[in-house]
Amino acid sequence: MVPMASFAQQLQALRHARGLSLRAFATQVNYSHTYLWELETGRKQPSPLVASHLDKALSADGSLSALVPASAPDSPLAGYRRQVEALTRTAPAGLMAQLATWLYDTDVRGRPPLMRLGAERYSRRLREETGLSPFRIEVSRQGRTPTTECRSITTVPAPAEVARRLGLPTGTPVVRREIWYAADDEPVQLAHTFIPLDIASNSILATATTLGAGALYGRLDELGHHLAHLHEQVTTRLPTTEEATALKAPAGVPVLDVLHTSSNSDGRPFEVTRFVIRADVATLDYELAIDD
């Protein structure tokens, strides 16, 4: 008698038979590729609901569901969502985002978060040695593959907080660059960069989606605006609907809102960027010298 295949073996065989990579299949079924890999290697067991969903996606005629006992556990994401629902009823608002992130990281992801390397990510030496942007430097150093996409370049009235940080009257026109960032094809952060018109208007900063070696800070260096001081204000919140969609963030996962200001050695601010970062896939890592 030929032994019956396990759920893990059957799932992998069906996916291969349909010519799907793990990442392509993850996109199709709206599960993380990490979770699907754990199912295919037997590291995690699916719930009947998950098996049914995968059956339909692979047109498997119930062959996957037949391999899952009715008492199988829920998927990690389902368990996470139940715990978040409980948190919304019991946890203080200020603690809820922190707890939700921790639960998602331990119950669902099972992989180390991407480190945002604080001041080190803006090192001119590293930028000149590698020709990379801060994001590409830190992602590459952590053994992952970075991708960035400039989604739009527009001239807009400066929002009040951006204008204040740039020392401009509210509503003054500025160039805004919208960038989406991913590591190993997984969305990590969104950014809107605001640059005064007197700096950006006659440069490729106002027109080009690809900025070449050193990216944004390489071109600002060429324009005589060298980063000597940065100021970052970090808050946590739940994402807007548009942000959650762009980041492919599961329900209840908060974001880190980082408002960054770059200034030169004379103290003149020349660039403000608002980063919106998935708090379940990234963490902040700062090492600061104490002058006294």
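Which residues does R127 touch, not counting residues up to four places away in sequence? The first legend below gives the answer, and the other legends cover further close-up views of this predicted model.

**Figure 1. R127 and the residues around it.** R127 sits in helix α7, which runs over residues 124-130. Not counting residues up to four places away in sequence, R127 touches Y122, L132, I137, G214, Y217, G218 and D221. With a relative accessible area of 5%, R127 is buried, because buried means under 20%.

**Figure 2. The whole protein, for orientation.** The protein has twelve helices and eight strands. It is 292 residues in length, and 47% of these count as buried. Among contacts with a separation of 6 or more, 60% are made by residues 24 or more positions apart.

**Figure 3. The largest nonpolar core.** This core holds 29 residues, and the members that touch the most other members are V188, L205, L216, L220, F275 and I277. Two or more residues each come from the helices α8 (134-141), α10 (197-200) and α11 (215-222) and from the strands β3 (173-183), β4 (186-196), β6 (255-263) and β7 (269-278). Strand β3 gives the largest share, four residues. A separate core of 17 residues lies apart from this one, and L36, A51, L54 and L58 are among its members.

**Figure 4. I277, a member of the largest core.** I277 is one of the residues that touch the most other members of the core. Residues up to four places away in sequence are again not counted here, and the residues that I277 touches are then R116, V188, Q189, P254, V255, L256, V258 and A282. One of these, V188, is also among the core members with the most such contacts.

**Figure 5. E271 in strand β7.** E271 is part of strand β7. Its relative accessibility is 0%, so E271 counts as buried. The side chain of E271 makes a polar contact with the side chain of Y217, at 2.9 Å. Another polar contact joins the side chain of E271 to the side chain of T273, at 2.4 Å. Leaving aside neighbours within four places in sequence, E271 is in contact with L166, T193, F194, I195, L216, Y217, L220, H260, T261 and S262. E271 and V174 are 97 residues apart along the chain, and their C-alpha atoms are separated by 9.9 Å.

**Figure 6. Helices α2 and α4 where they cross.** Helix α2 covers residues 22-29 and helix α4 covers residues 48-58; their axes come within 11 Å and cross at roughly 110°. This angle makes α2 roughly perpendicular to α4. On the α2 side the residues that meet α4 are F25, Q28 and V29, and on the α4 side they are H53, L54, A57 and L58. L54 and L58 are also among the residues of the 17-residue core.

Figure 7. Most residues other than glycine have a negative phi. D184 has a positive value, near 55°, and D185 has a positive value too, near 70°. D184 lies in the loop between β3 and β4, and D185 has its place in the loop between β3 and β4 as well. Are these residues buried or exposed? D184 counts as buried, at 16% relative accessibility, whereas D185 is exposed, with a relative accessible area of 54%.

**Figure 8. G171 in the loop between α9 and β3.** G171 lies in the loop that joins α9 (160-166) and β3. At 33% relative accessibility, G171 counts as partly exposed. G171 and A160 are eleven residues apart in sequence, and their C-alpha atoms are 7.2 Å apart in space. Leaving aside neighbours within four places in sequence, G171 is in contact with P157 and A158.

**Figure 9. Q9 in helix α1.** Q9 is found in helix α1, residues 7-17. Q9 counts as exposed, at 51% relative accessibility, because exposed means over 50%. Q9 is 33 residues from G42 in sequence, and the distance between them in space, C-alpha to C-alpha, is 8.5 Å.

Definitions and conventions: Residues are numbered from 1 along each chain as its sequence is written. This is a predicted model: local features need pLDDT of at least 70, side-chain atom pairs count only at pLDDT 80 or more; totals for chains, interfaces and linings use all residues. Side-chain values use heavy atoms; hydrogens and water are left out. A nonpolar core is a set of buried Ala, Val, Leu, Ile, Met, Phe, Trp, Tyr and Cys residues joined through side-chain atoms within 4.5 Å. Buried means under 20% relative accessible area, exposed over 50%, partly exposed in between (1.4 Å probe, protein chains only). Contact means heavy atoms within 4.5 Å. A polar contact is a pair of N or O atoms within 3.5 Å; within protein, one must be able to donate a hydrogen and the other to accept it, and residues adjacent in sequence count only if both atoms are side-chain atoms. Axes are lines fitted to C-alpha atoms, for helices over the stretch in contact, and angles run from 0 to 180 degrees between N-to-C directions. Angles under 35 degrees count as roughly parallel, over 145 as roughly antiparallel, 65 to 115 as roughly perpendicular and the rest as oblique.
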